There are 2 protein chains.
Amino acid sequence: MLKNWKTGEKPSAEELDRRLDEARLKLAAKQIAIKDKKLPVMVVLEGWGAAGKGSVLGRIIKNMDPRFFKVSVMSEISEEEKRKPFLYRHFVRIPEAGQFMFFDGSWMDEVTGDYLKGKLKKKQYEQRITSIKRFERQLTDNGYLLMKFFFHIGEKEQKKRIDELLEDKNTKWRVSGDDLWQNKNYDKCLKVYDEFLEETNSPSAPWYLIDSKNKKWAELQMLELLLEGIDTALGNEPHAVPILQNTFPLNEQAKLADIVLDKALSDKEYKKELKACQKRLRDLHNEIYRKKIPVIITYEGWDAAGKGGNIKRIAAALDPRGYEVHPIASPLPHEKARHYLWRFWNRLPKDGHIAIFDRTWYGRVMVERLEGFCSENDWQRAYNEINEFEKELYDWGAVIIKFWVQIDKDVQLERFTFRQNTPEKQWKITDEDWRNREKWDLYEEAVDEMLQKTNTTYAPWFVLESNDKKYARIKALKTIIQEIEKNL
Amino acid sequence: MLKNWKTGEKPSAEELDRRLDEARLKLAAKQIAIKDKKLPVMVVLEGWGAAGKGSVLGRIIKNMDPRFFKVSVMSEISEEEKRKPFLYRHFVRIPEAGQFMFFDGSWMDEVTGDYLKGKLKKKQYEQRITSIKRFERQLTDNGYLLMKFFFHIGEKEQKKRIDELLEDKNTKWRVSGDDLWQNKNYDKCLKVYDEFLEETNSPSAPWYLIDSKNKKWAELQMLELLLEGIDTALGNEPHAVPILQNTFPLNEQAKLADIVLDKALSDKEYKKELKACQKRLRDLHNEIYRKKIPVIITYEGWDAAGKGGNIKRIAAALDPRGYEVHPIASPLPHEKARHYLWRFWNRLPKDGHIAIFDRTWYGRVMVERLEGFCSENDWQRAYNEINEFEKELYDWGAVIIKFWVQIDKDVQLERFTFRQNTPEKQWKITDEDWRNREKWDLYEEAVDEMLQKTNTTYAPWFVLESNDKKYARIKALKTIIQEIEKNL
């Protein structure tokens, strides 16, 4: 893209000022429309060191209402972020509906930099690009406006600017080692940047090149392109996108109706097994801590299936400094205003830690599907989005264990009735539970589809037969032990 | 995509039959909805030789109403097609709104085949992929549903099928040399196919892989995916897409208001120049014919600017066997029902020939823009689409010369009045001409934008100052001579 690209002619000085004023006013006015239409806007600024993207950004936001935008400076990666998946620091920064997020530097800078300096091998780099394409597609598929700008200057111009900055002791600090390295290796960088731009130049999130020889002119180009993109997005109603076929490796998964539920353990067996398993898990927890392996354990299942008690038996074996349980309820307003996976990206463990999710992102293809909280296209798309999400976790090195806690309809009725009739358990049963029970068949269909479509080899489902809770607890412990052992 | 891909589990025989019946019925029903909603549907079938895509296609169309679909078998390239740009044979086959077009083989087969056999160098191959991505994006941006299927079988399975076909003298003919070559070079082909699928797997036109071990099962997969894609597309209203930035090299272009129109030629000069230029052009016509260089000359300009007379002076110099003039009026219904560039793809010259267009594809950004025949997003997008179109022509080897025939408003009034008052010229002037004249300023703005945004180095605009028609004619001849000479 960069090679043959030539910008339009720079307007005269007065024309430039006039159009800048006009564009700034328009952007200020658009903020309200963006808020009203609840459009989330992500603006990425990339480019050569000393191309001036920072100062253009500074001037653009000067005219904006601070309530409507945030800026993320992406150059520094914190120690905490290094212990999370590659996409983590980017995904957690996506804006909420109706807001702007400006990324000063982004995933591009990160991966091309690491690749150019040999920190990423070719194969890992290609994997990163796949992750980026998925990330961007997930955003635009879910209604985000994503606009990506690359500030371009030539080798000589960059050298001139760096030299000028270095000469003045007040600006010297602004030249980084990276800038110097980039200028010395300009052609090598150009090639990698150009290929990156090509590969990630998708129809729904294209790149825009900015001729950065002049700051005002660069600002005008960016503002006018931004306004054009915003107008296009504001003019659209939500629309469906193609459902991608699964290309992740899947294991077979039996239907719920075919699962035999008569498995049980005696009290004696249970106690013996529990003690042994918990001891083994305690030891493994130390090992994964030392080896910095993250573990993600998720629970889904029928109401009253025994998720809580099951989780308790896992947690009891763990060192409290090394795990966290995340009970997942309805999303809060600031969560609902973002991509549905955002609140889960935000709850990922550090490496070496265990996160246990009591209900999960699978709500998208169960309750959100059945209650109409999202469109059909949304939940149809979600199987692939979830497989992609879990693939990111797996590629990061996580052990992922997903439980479906299964009981039959009679057992649920027994447990509901018991709860209803037992004063100290009554808080556990709500009208909603009874309403959900009426939709058992619809839920069963949705769960079967979910288990079929997301039972990937790298993040498999395990059904816990929980008519006998003791059996289910021991099976959960054994499964966790087995999966961690496999990955040590 | 192919490497890790594993299909879902094949259903039992009865389940397969039941779902096939259901899918066939649904597809039959969808035809009406597709027609009503005027959705154009392109279905591409690609895959390994002997994977059975032909027979699956045969069974799918058996249940469809023949009025609603066509099949294009793309394997053979005709001599005529070889003399056109690479995309020609594909673009001319796009369906009209409300219709299906099945492509049995496609651009993928063509370019991967040529690349694998060394007929395309790496660089040319990459250029082809760029062309394909643009082609597909133009279609989906313009509301086409494009679904691409790849029928996949393993090396051994392919060998087995080929052997079975070869053993029977009734089926022997169905095995092509290409099939045998492919099986011998399976791994090499796999790598190229896989990369092609990855590169052209765009969010708006993704690839779908079909597990083709079993014919009925393959048919079911394809039908169910097809129905899903159709449902998604039918559920959408037309929506705007991002306007891509120009990345083609542009020359500067003066605004119409700044063009000096007092240039003129005496009758004597004119006659002398005309004779000399026409002789030179006649000679050049022979040369381009011998060298198989296609030449495309386009005319746009104000009503009564003198386009017709100008074209006549060009044509007079040419051998009638080697050129064609295409007068472009409003599109006919079957043209309007397709991508707006389709009727121009259909009128391309063979190599070594000259095509002269009296009005052109630029109608999209002039009359269609101003009369509201297309949406704002449509014409905003068209500058890039047209630059892409002309880039295809240029890469094919064409010399492209675009004329804007310029007069001022007073001269137009004079000529209109003269036509009105001269009985034998009255047919040349219509109410529409007067109405257009009222919109002069709006047109001027649109023309200026068009000239700025499409004045590429490879397909430049030339303004013909035509207050004096004689001057304009000689300038046209000289420009054509100069541009052809440059390219010999």
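The contact between the chains takes 35 residues from chain A and 34 residues from chain B, where two residues count as in contact if their C-beta atoms, placed from the backbone, lie within 7 Å. This is a predicted model, in which local features need pLDDT of at least 70, side-chain atom pairs count only at pLDDT 80 or more, and totals for chains, interfaces and linings use all residues. Residues are numbered from 1 along each chain as its sequence is written, and chains are lettered from A in the order in which they are written.

On the side of chain A that touches chain B, α10(A) gives the largest share, five residues. Helices (H or I, at least four residues) and strands (E, at least two) are DSSP runs, numbered from the N terminus.

In chain A, the axes of α12 and α20, lines fitted to C-alpha atoms over the stretch in contact, come within 9 Å and cross at roughly 45°. Among the residues of α12(A) that meet α20(A) are A:Gly309 and A:Arg313.

Helix α11 of chain B reaches 35 Å from its first C-alpha to its last, close to the 36 Å expected at 1.5 Å a residue, the expected span being 1.5 Å times one less than the number of residues. Just after α11(B), B:Lys292 takes a positive phi of about 60°. What covers the buried residues of α11(B) (20 or more other C-beta atoms within 10 Å of their own) includes these elements of chain B:

| Element | Residues |
|---|---|
| β6(B) | residues 295-301 |
| β8(B) | residues 354-358 |
| α20(B) | residues 469-486 |

Technical notes:
Axes are lines fitted to C-alpha atoms, for helices over the stretch in contact, and angles run from 0 to 180 degrees between N-to-C directions.
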